[in-house]
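Here are my notes for you, point by point. Keep the structure open while you read, and find each residue as it comes up.

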Amino acid sequence: MSTTASDPLAALGSLPGVPDAVDSVRKAVDRVYGHRVMRRRSNEVTAEAALRGSRGSAALAGADWNLEEVRRRTDFSGEDEARVIGAALRLTAEAGQLLSIWRQSPLRVLARLHLVAAGGATPDDAVGRPRLTGEPVDEPLIEAPLPGAEEVAGRLEGLSQLIIAGGSAPALVTAAVVHGELLALRPFGSHNGLVARTAERIVLIGSGLDPKSICPAEVGHAEQGRAAYVAAFEGYTAGTPEGMAAWMAHCGRSVELGVRESTAVCEALQRGAA
């Protein structure tokens with residue numbers, strides 16, 4: 001991510017097509033928040049969105065399980081895919097508890113997210129800290145060139161300062177940049193995709209766009225497919241205006257698909273079918 005604007009995130013929000021994506025997301029979110037079920041049963045919608053978001057994030061990490069299997073399962077300590085599902089579920093549960101810390105210390109939150117995701121599966125000295133020079137990265141799906149440890153540290157600090165400084169950028173833009181930058185850096189030895197998508201969730205909730213966490217972008221990322229996810233991410237890493245705009249549009253569409261999922265949940269609750 002690079003730009004010379006004094007408010008770089010706001011500048012990205014003015015890229016061609018991005019204002020339309022931001023507006024479309026806002027309208028979609030407003031519609032689901034206006035659903036009559038949200039007045040009485042919003043906690044149930046939030047819980048279901050968390051489950052479905054976790055399933056979607058895990059699917060992108062290689063554990064594409066049926067939703068009902070995720071719902072039924074209680075032990076996620078076995079095979080590799082089960083551990084990925086377990087990590088995704090733990091991260092989603094943790095995200096809501098870190099909102100107050102995010103704006104003051106995003107790097108602390110990222111460290112905590114990695115600790116939660118690893119769940120004891122990674123050597124203790126490698127958990128919750130950016131990787132050191134020469135340390136390997138186990139990350140499914142993303143095959144972009146891996147930045148060195150010094151570059152990772154510098155870009156993480158830059159991202160942290162942008163978040164702390166705030167600014168006028170729409171929530172979608174900030175969430176997409178946080179997500180894309182963490183995927184590009186892969187700062188930890190494992191679970192970077194899961195952490196990046198959880199950080200996106202935190203931004204969307206903490207910004208006030210989705211305060212009840214009922215619009216799981218992870219659902220939309222998974223629904224659009226791994227190939228589309230990678231292609232959009234390659235636009236982010238290219239750093240061109242067109243590529244950045246394409247990534248933000250992809251993230252916006254993912255939120256809208258998450259809205260569609262939760263709208264269906266609302267309709268099912270209204271019918272008494274869920």
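1. Start with glutamate 69, which counts as partly exposed at 23% relative accessibility. Keep in mind that this is a predicted model. Glutamate 69 makes a salt bridge with arginine 72, and their closest N and O atoms sit 2.7 Å apart. Arginine 72 has a relative accessibility of 56%, so it counts as exposed. Both belong to helix 4 (residues 67–72), where being three residues apart puts about one helical turn between them.

2. How many salt bridges turn up in the whole structure? The search finds 18. One of them pairs arginine 73 with glutamate 79, with 3.5 Å between the closest N and O atoms; glutamate 79 is partly exposed at 42%. Another joins glutamate 135 to arginine 129, with a closest N and O distance of 2.8 Å. Glutamate 135 is partly exposed at 26%, and arginine 129 is partly exposed too, at 21%. There's also a network of salt bridges linking Glu48, Arg52, Glu68, Arg71 and Glu261.

3. Now look at the nonpolar side. In soluble globular proteins, nonpolar side chains tend to be buried together. Here the largest nonpolar core has 82 residues, and Trp102, Leu110, Trp247 and Val255 have the most contacts inside it. Helix 9 (residues 171–185) supplies the largest share of this core, eleven residues. Click on tryptophan 102 and you'll see it touching Val109, Leu110, Ile163, Val178, Ala199, Ile202 and Val203, leaving aside residues up to four places away in sequence.

4. Next, helix 5 (residues 80–95) and helix 7. They pack at an angle of about 145°, with axes 8 Å apart, and the crossing is right-handed. On the helix 5 side, Ala87, Arg90, Leu91 and Glu94 meet Arg112, Leu113, Val116, Ala117 and Ala118 of helix 7. Sorted by class, that contact has six nonpolar and three charged residues, and no polar ones.

5. Most residues other than glycine have a negative phi. Leucine 141 isn't a glycine, yet its phi is positive, about 85°. Look for leucine 141 in the loop between helix 7 (106–118) and helix 8 (149–165). Serine 213 also has a positive phi, about 55°, without being a glycine, and it lies in the loop between helix 10 (192–206) and helix 11 (217–224). Which of these is buried and which partly exposed? Leucine 141 is partly exposed, with a relative accessible area of 21%, whereas serine 213 is buried at 11%.

Note on methods: Residues numbered from 1 in each chain as written. Predicted model: local features only at pLDDT ≥ 70, side-chain atom pairs only at ≥ 80, totals over all residues. Heavy atoms only, no water. Core = buried A, V, L, I, M, F, W, Y, C linked by side-chain atoms within 4.5 Å. Buried < 20%, exposed > 50% of the residue type's maximum accessible area, 1.4 Å probe, protein only. Helix = DSSP H or I, 4+ residues; strand = E, 2+ residues; numbered from the N terminus. Contact = heavy atoms within 4.5 Å. Axes fitted to C-alpha atoms, helices over the stretch in contact; angles between N-to-C directions. Left-handed = near helix turned anticlockwise from the far one by under 90°. Nonpolar A, V, L, I, M, F, W, Y, C, P; charged D, E, K, R; others polar. Salt bridge = Lys/Arg side-chain N within 4 Å of Asp/Glu carboxyl O.
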